[in-house]
Amino acid sequence: MVCQVKIRKWALSLFFCLGVIACATAQEFRFTTNVSSTRVAQDEPFQIQFMLENASNVASFTPPAFTDFEVMQGPSQVQGQSIYNGRRSEYIALIYVLQPKRTGNFTLSGAMARVNGNVVHSNPVTIEVIKSVNHNAAPPQAPTQQPPGFQPSHRGPDEDVAEGILRKGEDVDAKLRKNIFLKVDVDKTNLYEGEQLTATYKLYTRLPTNSSVTRVPAFKGFSAKDIELPNPPQATTERINGQLFKVFTIRKTLLFPLQSGNLELDPVEVDNQVRLVKLSHDNRKRSRDPFEDFFNDPGFKDPFNDPFFDDFFNRPEVSYEDVPYKIQSTPVKITVKPLPVDTRPPSYNGAVGHFNMSATIDKTTLTTDDALTLKVNISGQGNVNLLNQPKVEIPGSFEKYDPKVTDNIEKNSNPLSGSRQFEFALMPLEAGDQTIPPVEFSYFDPVAHAYKTIKSQAFNIKVTPGKQNKRDKEDFSVDKNVLIPVHLAPQRWSKDAGFLLGSVWYYLLLLIPIIALIAGILYRRRQHYQQNNAALLKHRYANKAALKRLELAARYLKEGKDRAFYEETSRAVWGYLSHKLEIPFADLNKQLVQNKLAGRRINGENTLQLFDLLDNCEMALYAPAQSNDKMQGTYQQAVKVISQLEEQLKTKQQVV
């Protein structure tokens with residue numbers, strides 16, 4: 001019984017909390033009157049809208065008396081949702097198109113509606129009517145449903161509709177230029193070589209549009225790291241010159257200049273299909289009883305079923321036009337200053353930003369049979385992804401191997417933050433007390449405009465001798481220790497020649513160890529040469545490495561991971577070009593690749609297919625999700641391009 005009482009109290013408390021939260025998050029009800037313009041000419045039609053936000057159980061609606069105005073059209077019903085600054089609201093709107101009968105100042109009283117049994121009124125508005133100026137003015141149009149594929153507005157319907165109407169005699173190009181444009185925001189235009197620059201490409205629009213990126217910027221002279229953006233893109237709002245725009249972030253990239261001088265950020269290009277509303281003028285007759293149709297509409301009983309506007313294009317007086325509009329952003333000039341040379345410390349190797357460094361060893365006592373691990377960890381903010389190994393002085397009593405590099409970069413961090421760890425394996429060659437000098441790391445601080453150096457402590461190592469593997473071999477053969485009998489008389493000696501001794505085969509067999517020794521020496525030299533010439537190995541096995549990456553891309557293709565598929569395909573092609581053409585990965589660009597291929601007498605269709613493949617991969621990373629058929633075609637194209645280039649590079653020599 002006590003348990004049941006506790007459960008009931010817990011349930012009542014939970015319901016009470018949920019009720020408090022529901023009341024706190026309830027949307028505010030508003031009933032407003034908006035007009036497209038408060039100052040109109042006598043022969044100029046204008047739009048008036050009565051909007052109920054977050055209303056439920058609307059029983060009746062009464063518009064004000066339009067005594068001094070002629071109703072040209074309406075009421076038009078609009079219902080849907082609006083999202084502004086992350087707040088969602090639902091609305092019902094009644095829209096009329098009015099035309100003044102005479103000049104003067106007129107006040108339209110608010111409309112009246114009954115909501116949840118209560119009578120509410122909207123705000124009154126004052127209209128100033130002046131003498132006619134333009135006799136060809138066309139009436140403003142009612143809002144329309146956003147067609148499939150078009151992004152809905154994040155503002156109320158009145159502001160979008162006013163800009164989405166194509167009026168008679170209006171210049172379409174001027175309207176598009178005014179309401180849709182691209183902008184590049186950079187946090188700095190003057191910086192040091194290696195210092196981070198953040199570039200954000202944005203699309204601003206006040207019109208319903210379906211947009212696709214057709215050209216992505218090529219950041220020549222920069223190392224680029226993109227910040228992942230929501231897919232599909234999420235819109236925000238910005239006010240420019242008093243007008244509210246919907247803003248989509250196309251690309252946000254962290255850039256690190258690799259050279260000094262005057263550099264330029266290439267523009268991004270976007271194709272838009274803009275939908276403009278048009279209205280025929282032969283249907284201006286006012287309906288007999290518009291509110292009867294409005295309140296008997298089944299959709300009104302559940303007005304928020306449709307997340308956006310009602311279907312308005314089925315009405316005979318309304319039509320629309322899809323206008324193609326291609327835009328591109330303005331190139332941005334960047335001035336990159338070289339790093340100071342006079343004060344550059346010897347241990348500096350390209351780090352720019354603000355960093356910390358730590359160095360540790362895993363043991364201080366070991367034998368000559370053991371290995372020692374030295375870990376150097378560099379963390380901070382800056383070009384973490386471009387850090388080179390710090391200066392590590394290893395005494396000759398240790399054998400040092402190439403370090404293992406481990407990255408831990410924070411995802412979508414801005415400024416770029418994280419760490420890079422270098423793990424050195426050291427093998428002692430002799431016993432005794434050894435000392436590893438301090439590890440030294442230098443970086444350039446762009447805020448302080450100076451170099452800074454960090455040093456670790458020295459490491460004292462005690463090395464003891466290991467196990468002795470060299471031992472004299474013991475002979476345990478039979479009668480090894482038996483004394484041979486002493487013969488006092490002279491013995492008879494005889495020569496017993498076998499069939500092989502002294503023959504040709506005998507001397508040929510003697511040559512086999514010599515031939516094997518020479519072959520082993522040549523093999524060892526060849527292996528040593530290949531180990532010291534990593535570029536040769538990369539060049540030789542570039543095709544196998546690229547096809548191995550394409551196998552991983554094929555797995556992503558089967559799993560439907562389009563972004564991972566295009567990233568792996570792009571890495572496979574760029575990696576193949578870097579290894580095969582012997583171009584450092586940081587210096588790769590299309591122009592340099594084209595010059596290298598031209599030097600090998602490779603031009604024409606293969607080069608075009610290669611650059612088309614790279615462009616397709618780049619665009620697919622920033623465009624909406626791709627179809628499986630298109631991804632399959634990209635995969636087949638990558639295999640074909642790499643195979644054809646491999647055959648041509650084998651047969652054609654470089655031009656001298």
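The numbered points below go from the overall picture to single residues.

1. First, a reminder that this is a predicted model. The protein has 656 residues, and 40% of them count as buried. Its secondary structure comes to twelve helices and 31 strands. Among contacts with a separation of 6 or more, 76% are between residues 24 or more positions apart.

2. Have a look at helix α3, residues 172-179, where Lys 175, Leu 176 and Asn 179 are buried. Viewed down the axis of α3, the buried residues fall within an arc of 95°, so they line one face of the helix. At the start of α3, a side-chain oxygen of Asp 171 comes within 3.1 Å of the backbone nitrogen of Asp 173.

3. Three strands in the order β4-β8-β9 make up an open sheet with antiparallel pairing. The edges are taken by β4 (58-62) and β9 (118-121), each with a single partner strand, so one side of each has no neighbour in the sheet. On average, neighbouring strands here are turned by 20° against each other, direction ignored.

4. How do helices α9 and α12 lie relative to each other? The axes of α9 (residues 562-580) and α12 (residues 628-651) come within 11 Å and cross at roughly 5°. Angles under 35 degrees count as roughly parallel, and α9 and α12 are therefore roughly parallel to each other. On the α9 side, the contact includes Phe 565, Tyr 566, Val 573, Tyr 576 and Leu 577. On the α12 side, the residues include Met 631, Tyr 635, Ala 638, Ile 642, Leu 645 and Leu 649.

5. Ser 329 sits in the loop between β20 (318-328) and β21 (332-337), while Gln 234 sits in the loop between β15 (222-226) and β16 (236-240). Is each of them buried or exposed? Ser 329 has 3% relative accessibility and so counts as buried, whereas Gln 234, with a relative accessible area of 52%, is exposed.

6. Their surroundings can be listed too, leaving out residues up to four places away in sequence. Ser 329 touches Leu 182, Val 184, Tyr 201, Pro 267 and Val 268. A polar atom of the Ser 329 side chain also lies 3.0 Å from the backbone nitrogen of Val 268. Gln 234 touches Val 247 and Phe 248.

7. Finally, some backbone geometry to check. Most residues other than glycine have a negative phi, and most peptide bonds are trans. Asn 414 and Pro 415 are joined by a cis peptide bond with omega about 5°, and Pro 415 lies in the loop between β26 (404-409) and β27 (417-428). Asn 241 has a positive phi, near 55°; this residue is in the loop between β16 and β17 (243-257) and is exposed, at 77% relative accessible area. His 449 also has a positive phi, near 55°. His 449 belongs to the loop between β29 (440-445) and β30 (450-455) and counts as partly exposed at 48% relative accessibility.

How values were computed: Residues are numbered from 1 along each chain as its sequence is written. This is a predicted model: local features need pLDDT of at least 70, side-chain atom pairs count only at pLDDT 80 or more; totals for chains, interfaces and linings use all residues. Side-chain values use heavy atoms; hydrogens and water are left out. Buried means under 20% relative accessible area, exposed over 50%, partly exposed in between (1.4 Å probe, protein chains only). Helices (H or I, at least four residues) and strands (E, at least two) are DSSP runs, numbered from the N terminus. The arc is that of the directions from the helix axis to the C-beta atoms. A polar contact is a pair of N or O atoms within 3.5 Å; within protein, one must be able to donate a hydrogen and the other to accept it, and residues adjacent in sequence count only if both atoms are side-chain atoms. Two strands pair if DSSP finds at least two bridges between them. Axes are lines fitted to C-alpha atoms, for helices over the stretch in contact, and angles run from 0 to 180 degrees between N-to-C directions. Angles under 35 degrees count as roughly parallel, over 145 as roughly antiparallel, 65 to 115 as roughly perpendicular and the rest as oblique. Contact means heavy atoms within 4.5 Å.
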